[in-house]
Amino acid sequence: MNPAARRCLAIVLAAGEGVRMRSSRPKVLHAVAGRPMIAHALAAALEAGADAVAVVVGPDREDVAEAARRVAPGVEVFVQRERLGTAHAVLAARDALARGFDDILVTYADIPLVRGETLSALRAALAEGADLAALGFAPADPTGYGRLIEQDGRLVAIREHKDATEAERRARLCNAGPMAFRGDDGLAMLEAVAPTNAQKEYYLTDLVEIAGARGLAARALEADEAEVMGVNDRVQLAAAEAAMQARLRRKAMAAGATLAAPETVFLSWDTAIGRDVLIEPHVVIAPGVTIEDGATIHAFSHLEGARVASGASIGPYARLRPGADVAAGARVGNFVEIKNAAIEAGAKVNHLTYIGDARVGAGANIGAGTITCNYDGFSKFRTDIGAGVFIGSNSSLVAPVTIGDGAYVGSGSVITRDVEPDALAVARGRQDARAGWAKAFRARKKKK
Ligand code: UD1
Ligand code: MG
């Protein structure tokens, strides 16, 4: 039976305490590539075609529930009051389980790298006739993991490290965590789990033997260690970040971008990069960024919540903040900060400038040191700069203010009133010149 035809409930376990993070924030809200770990886990479950998603959180974890709803608006949140083990956590979602699904897919919120297609493979195993499928991996160091005990290609048990014999501990595959099993037997099997083990916990992994005792067939699939690494402390969080960055860089390059020194470019989970984009070394791209075909991001730039249209050029040393929208062929140069502003086609903002809450019209040229004064300490105001405008260097544009198309602003102006199209506005002290003054001054000083 085709997996897509099977109704699937995904259950994401997120009730862990995360003590080793030593954090006031719950572990699963710590971010990898700019997105909370729980969001990665939920996205993978959705990619695997889950029709319904449940998340199991600890008591008073409205913050975790909220993060889950942001990714999966229809998610059902269940609270596990006491932390009595992974099977007990799954049973917290009893009401969802009881609704009757073909597939139950369980995954953990603290393994942020697991891909949707890997979870799909677990479901495919069910579609091919298995009653339960568990995900294994061959870790460099198996200490602490459950061992997948296989006989003739069948999975017969998962034995937790603490409960395993020496022979069982030598099993090639360890349990990564994610598991899929048939929904029609699921609830009854979960209820059969007993806390008869070293930890006195209800182990989800006991489902394998319970299934076997009922004549059901279990299978193990294998994933890469890098994909199923769990995050329990900040060192593992950094390792997960590094692995995710490597994946995102490969994806960008595969899609036709050049990253001259990929290990120095930091991307976000949602970074969209077109073909023939060039990203120079030491660039940080925070969430919400789209870089269209043929754009260049020069070294040491920082982008967040911004769009860079095709053929535009950013940096070096530029900062694009949320709402920066740089149109085709426009240039944003060194030590320039753009926030909530449209830089229209072909406009140039090349040096030492702050443009905030503004529009810079097509082909306009913004001189070095121009500042939009958008904030009076209480409110923000807009600056509208028309097409083809020339702003002389070191000008302050005190918002709200409009500079009409084709106007000129003389260097060093403080512009407080609107400027008509095609006009020249100069707003600075007039130059005063006194012939011979400097020479006389020096002579006076020398005499003393
Ligand atoms: C579990 C597996 C083990 C596997 C390992 C992989 C069991 C019994 N063991 O062990 O085979 O090798 O993961 O990392 O399943 N959780 C709850 N409520 C609970 C207990 C756990 O929500 O009462 C959640 C945790 O937040 C975590 C996940 O379930 O996301 C796994 O729990 P954890 O305590 O880390 O299990 P391990 O002992 O590591
Ligand atoms: Mg664990």
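## Exercises on charge, burial and contact

**Exercise 1. Is Arg-6 buried or exposed?**

Solution. Arg-6 has a relative accessibility of 8%, so it counts as buried. Buried means under 20% relative accessible area, exposed over 50%, and partly exposed in between (1.4 Å probe, protein chains only). The model is predicted: local features need pLDDT of at least 70, side-chain atom pairs count only at pLDDT 80 or more, and totals for chains, interfaces and linings use all residues. Residues are numbered from 1 along each chain as its sequence is written, and side-chain values use heavy atoms, with hydrogens and water left out.

**Exercise 2. Find the salt-bridge partner of Arg-6 and say which parts the pair ties together.**

Solution. Start with the term: a salt bridge is a side-chain nitrogen of Lys or Arg within 4 Å of a carboxyl oxygen of Asp or Glu. Side chains of opposite charge can pair when their charged atoms come close. The side chain of Arg-6 meets that of Asp-103, at 2.6 Å from N to O. Arg-6 lies in the segment before strand S1 (8–14) and Asp-103 in strand S6 (residues 103–108), so the pair ties together parts 97 residues apart in sequence. Helices (H or I, at least four residues) and strands (E, at least two) are DSSP runs, numbered from the N terminus. Asp-103 is buried, at 0% relative accessibility.

**Exercise 3. Locate both ends of the salt bridge between Asp-110 and Lys-27, and give their burial.**

Solution. The closest N and O atoms of Asp-110 and Lys-27 are 2.9 Å apart. This pair links distant parts of the chain, 83 residues apart. Asp-110 sits in the loop between S6 and helix H5 (116–127). Lys-27 sits in the loop between S1 and strand S2 (31–32). Asp-110 is buried at 16% relative accessibility. Lys-27 is buried too, at 9%.

**Exercise 4. How many salt bridges does the structure hold, and which residues join into one network?**

Solution. The structure holds 25 salt bridges. One of them pairs Arg-434 with Asp-432, at 3.4 Å from N to O. Both Arg-434 and Asp-432 are exposed. Asp-131, Arg-182, Asp-184 and Asp-185 form one network through salt bridges that share partners.

**Exercise 5. Which residues form the nonpolar surface patch, and where is Phe-335?**

Solution. Patches are made of residues with over 30% relative accessible area and no salt bridge; like charges are joined within 9 Å, and nonpolar side chains (Val, Leu, Ile, Met, Phe, Trp, Tyr) within 5 Å. Phe-300, Tyr-317, Phe-335 and Leu-352 form the nonpolar patch, with about 420 Å² of accessible area together. Areas come from the Shrake-Rupley method with a 1.4 Å probe; for residues, only the protein chains shown count as cover. Phe-335 is in strand S24. Its relative accessible area is 48%, so Phe-335 is partly exposed.

Methods:
Chains are lettered from A and ligands numbered from 1 in the order in which they are written.
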